[in-house]
Amino acid sequence: MNNINGSSDVRPLREGLQRIAIEELNEVPSRISADIIALRDWLQKQPHLCSCLTDQFLLSFLRGSKFSLEKAKHKIDRYYTLQAAIPEVFNEHRLADDPQVLQIIRMGVILRIPLDEHDTSPAVTIIRAGAYDTAKYKFQDIIRVGSMFGEIMMLEDDNANVSGYIEFLDMAGITAANLFALQPNLLSKFSAFADEAMPTRQKGIHFINAPSSFESGFNSLRSLFPDKIRNRVSVSSDPEAIFERVRREYLPKEYGGTKGTIQDIIGQMEQKLLSYRDYFEQSRHFGANEKLREDYADNTQNFPSHFGLDGSFRMLDID
């Protein structure tokens with residue numbers, strides 16, 4: 001694990017992903033080093049921010065901002081500022097070897113699906129919403145583990161950084177207890193955080209193994225949604241709907257695939273998380289101190305937000 005307080009070498013992109021980064025993210029390979037240096041220099045001059053400064057971390061924000069330095073500055077500032085508004089997630093339990101974190105991983109609630117080395121598709125995550133005991137774990141505990149793997153994805157998954165990611169919400173086994181355990185305010189805050197502050201881009205969320213009534217209800221309202229949502233959200237009761245977006249050979253046998261089992265994926269994810277033990281330990285010292293912010297007004301009027309300047313959450317008014 002590289003020292004996260006200093007520089008580290010940038011991981012070269014595979015040819016297919018490099019082409020996408022150039023065409024869609026405005027990436028100029030010969031200018032990457034200069035862009036990273038400029039962003040790091042700015043961060044080191046911000047008294048209110050204590051940030052990870054490795055090349056790969058900073059590059060993820062540049063790609064997530066399509067190499068607009070001003071947008072990257074804003075996004076990384078929000079990344080640390082908004083974490084303070086979600087203490088249910090970003091707290092002392094957000095450690096790789098926290099017993100509760102490891103228990104949740106071992107239940108297979110969140111499954112990261114490895115892609116072929118030469119595939120340029122979005123990264124894939126399956127969320128098995130009915131796979132945890134609501135009497136033992138809170139929804140915020142699941143979100144916390146998801147946020148940790150989202151951060152790992154940001155640091156090392158080139159597909160996620162360049163092509164984005166898609167999520168499958170598996171509704172098999174969901175009970176009324178699972179639905180009642182949802183924390184709407186937390187879900188709203190974390191969704192806003194992911195949209196405003198995370199450099200990786202969500203390209204779709206697809207509900208699979210949904211009750212037929214949920215599927216028909218959603219589809220009856222589909223025409224009312226904006227095109228962007230309509231194209232990125234789907235609901236299906238068909239167990240094979242996942243194959244429309246993920247190749248069968250990538251999936252474990254429990255999902256009709258041919259690549260190992262869910263337990264194999266769980267083992268890989270646990271080992272991956274433990275390899276980030278030092279990173280998450282050191283990350284506890286990163287964040288934003290609003291008392292030290294020099295230009296409190298910032299330029300946030302150019303960046304609409306669901307949060308206030310200090311990260312306080314604004315409830316949305318829905319007409």
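Guide: Helices here are DSSP runs of H or I with at least four residues, strands are runs of E with at least two, and both are numbered from the N terminus. The model is a predicted one, and every value that follows is computed from it.

Visitor: How many salt bridges does a search of the whole structure find?

Guide: A pair is counted when a side-chain nitrogen of Lys or Arg lies within 4 Å of a carboxyl oxygen of Asp or Glu. With that criterion applied across the whole structure, the number of salt bridges found is 18.

Visitor: How far apart in sequence are the parts tied together by D157 and R112?

Guide: D157 and R112 form a salt bridge whose closest N and O atoms are 2.6 Å apart. D157 lies in the loop between α6 (139-156) and α7 (158-163), while R112 belongs to strand β2 (residues 110-113), so the parts tied together by the pair have a sequence separation of 45 residues.

Visitor: Is D157 buried or exposed, and is R112 buried or exposed?

Guide: The cut-off that matters for this pair is 20% relative accessible area, under which a residue is called buried. D157 has a relative accessibility of 15% and therefore counts as buried. R112 has a relative accessible area of 16%, which means that it, too, is buried.

Visitor: How are α5 and α12 oriented relative to each other?

Guide: Two packed helices are described by the angle between their axes and the distance between the axes. The axes of α5 (residues 99-107) and α12 (residues 262-274) come within 8 Å and cross at roughly 155°. Because angles over 145 degrees count as roughly antiparallel, the orientation of α5 to α12 is roughly antiparallel.

Visitor: How many residues in the contact of α5 with α12 are charged?

Guide: The crossing of these helices, α5 and α12, is right-handed. The contact is made by V101, L102, I105, R106 and M107 of α5 together with I266, M269, E270, L273 and L274 of α12. Eight of these residues are nonpolar and none is polar, while the number of charged residues is two.

Visitor: What distance separates the C-alpha atoms of Q271 and A96?

Guide: Q271 lies in helix α12 and counts as exposed, with a relative accessibility of 54%. Q271 and A96 are 175 residues apart along the chain, and their C-alpha atoms are separated by 9.8 Å.

Visitor: How are α3 and α4 oriented relative to each other?

Guide: The axes of α3 and α4 come within 8 Å and cross at roughly 120°. An angle from 65 to 115 degrees would count as roughly perpendicular and one over 145 as roughly antiparallel, so the orientation of α3 to α4 is oblique.

Visitor: What is the phi of F67, and where does F67 lie?

Guide: Most residues other than glycine have a negative phi. F67, which is buried at 10% relative accessibility, lies in the loop between α3 (55-64) and α4. Although F67 is not a glycine, its phi is positive, at about 60°.

Notes: Residues are numbered from 1 along each chain as its sequence is written. This is a predicted model: local features need pLDDT of at least 70, side-chain atom pairs count only at pLDDT 80 or more; totals for chains, interfaces and linings use all residues. Side-chain values use heavy atoms; hydrogens and water are left out. Buried means under 20% relative accessible area, exposed over 50%, partly exposed in between (1.4 Å probe, protein chains only). Axes are lines fitted to C-alpha atoms, for helices over the stretch in contact, and angles run from 0 to 180 degrees between N-to-C directions. Angles under 35 degrees count as roughly parallel, over 145 as roughly antiparallel, 65 to 115 as roughly perpendicular and the rest as oblique. A crossing is left-handed if the near helix is turned anticlockwise from the far one by less than a right angle, and right-handed if clockwise. Contact means heavy atoms within 4.5 Å. Ala, Val, Leu, Ile, Met, Phe, Trp, Tyr, Cys and Pro count as nonpolar, Asp, Glu, Lys and Arg as charged, and the others, Gly among them, as polar.
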